[in-house]
Amino acid sequence: MSIPPPPGDRQPRDPFAPPPADLPTAPQTPPPYGPYGRPYGTPVSVNALAVAALVLGLLCFLPVAGLVLGLVALRQIKRTGQSGRGMAITGVVLSCAGAVLWAAVLSTGLASRAWEGFTDAARGNEVLALEEGECFVAPGGLEGDTYDVDTVPCASGHDGEAFGIVTLPGGAYPGEAEVGDLAEERCDALQDQYAMDTWALPADVDVYYLMPSPESWRHGDRVITCVFARIDQGPPLTGSLRGDPSTLDPHQVVFLSTANAVDAVLYEEPEAAPEDDLAAHRAWAAQVHDVLGEQIEALHGHTWPSGARGPVGALAADLEDARGEWDRASAAADADAYSAHYEKAYAYIDGPAAVTARKALGLAAAPPSPGQGEGGDSAAQV
């Protein structure tokens, strides 16, 4: 007979057996959550609109967009708990400051003036960049406003050549007429220095002044550029027109200096006819007489090459005869007597003796046509 086990005494459970179905299971503890329904420890994302608001606020070119994005970002951050609140606030503040700045610029007209200055500078830079001795092409021509000027080698075909740069003082714009007078005066002097032999200038070349306009003056343009340029119907120029002491020999320089001094005083002839203002013509004739005396002395005082001594001496003798006629013209009793001496005096100027002397010195020997080489009758504003 077997004895039953005491109550409650059971067989040990197999540790590898599955648990009985009736055994209770341990309760599961839910993980902790934050106030936005996100478990604690979960990484927080940055609000994209806050980043965009900050960028637009820093750039300051779309302040309204930066302000709107910043306000929307603040609402989203408050609802979702994302980071970026500081960036959104900064973007809003910078966008507000940008909006105030843009309003001030537009109300005072600064934007339009700044754009005008930019376009004027962009159009005028090429002309203002010309230097003495540079050759250029001007596709738009040189009449009126000139902005399209490109430098090219002088050996190639070109429209013109800069021979002088004049820088004007600051201050208020002096007016187109005064700037034009200054351009004519200063460029005439520079022309004689750059191209001493006026007979060598092509017949289809004129002198132009590239002058500041009132608009470019406001943006700092103070430069007058003196240029030789071909007349529109003429063929392109080739080679440089420079003829100064750097390209001439000493004998040519002395000869041309005397010739240009005489030409300069002859260009000062009074505009009124002798019948209308005999006194002005008599005073001018006396001035020509004095200048001729100085230049004749210069010709006699220079030691010329053997082949040029005779021709230059003959020219000096002609100038002496001309000087005597100018002296008599300065004392003429009436307009008829003045005109008679005037015509005899001019017959000695640039006559056969001058041509022979120029040939002996290797200079241009074809007299220029009337008005050629005088220049100064064309202007363009930059």
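Q: Which residue in β6 is the bridge partner of glutamate 161?
A: Phenylalanine 228 is its bridge partner. Valine 207 also stands opposite phenylalanine 228. This is a predicted model: local features need pLDDT of at least 70, side-chain atom pairs count only at pLDDT 80 or more, and totals for chains, interfaces and linings use all residues. Residues are numbered from 1 along each chain as its sequence is written, and side-chain values use heavy atoms, with hydrogens and water left out.

Q: What makes β4 and β6 a strand pair?
A: Strands are DSSP runs of E, at least two residues, and helices are runs of H or I, at least four, numbered from the N terminus. Two strands pair if DSSP finds at least two bridges between them.

Q: Why is phenylalanine 228 called buried?
A: Buried means under 20% relative accessible area, exposed over 50%, and partly exposed in between (1.4 Å probe, protein chains only). Phenylalanine 228 has 0% relative accessibility, so it counts as buried. Eight of the eight residues of β6 (223-230) are buried.

Q: Why does cysteine 96 count as partly exposed?
A: Its relative accessibility is 37%, so it falls in the middle class.

Q: How do you know that cysteine 135 and cysteine 154 form a disulfide?
A: A disulfide is a pair of cysteine sulfur atoms within 2.5 Å. Here S to S is 1.9 Å, so the pair passes. The link is right-handed, with 95° about the S-S bond. Cysteine 135 is in strand β1 and cysteine 154 in the loop between β3 and β4, 19 residues apart.

Q: What makes phenylalanine 163 and tyrosine 194 a tilted pair?
A: Rings of Phe, Tyr and Trp (its six-membered ring) pair if their centres lie within 6.5 Å; planes under 30 degrees apart are stacked, over 60 edge-to-face, the rest tilted. By this rule there are ten aromatic pairs. The centres of phenylalanine 163 and tyrosine 194 are 6.2 Å apart and the planes at 40°, so the pair is tilted. Phenylalanine 163 lies in strand β4 and tyrosine 194 in helix α5, so the pair ties together parts 31 residues apart in sequence.

Q: What makes arginine 222 a charge over the ring of tryptophan 217?
A: The rule asks for NZ of Lys or CZ of Arg within 6 Å of the ring centre and within 35 degrees of the ring normal. Arginine 222 lies over the face of tryptophan 217, at 3.9 Å from the ring centre. The charged end of arginine 358 sits over the ring of tryptophan 199, 4.0 Å from its centre.
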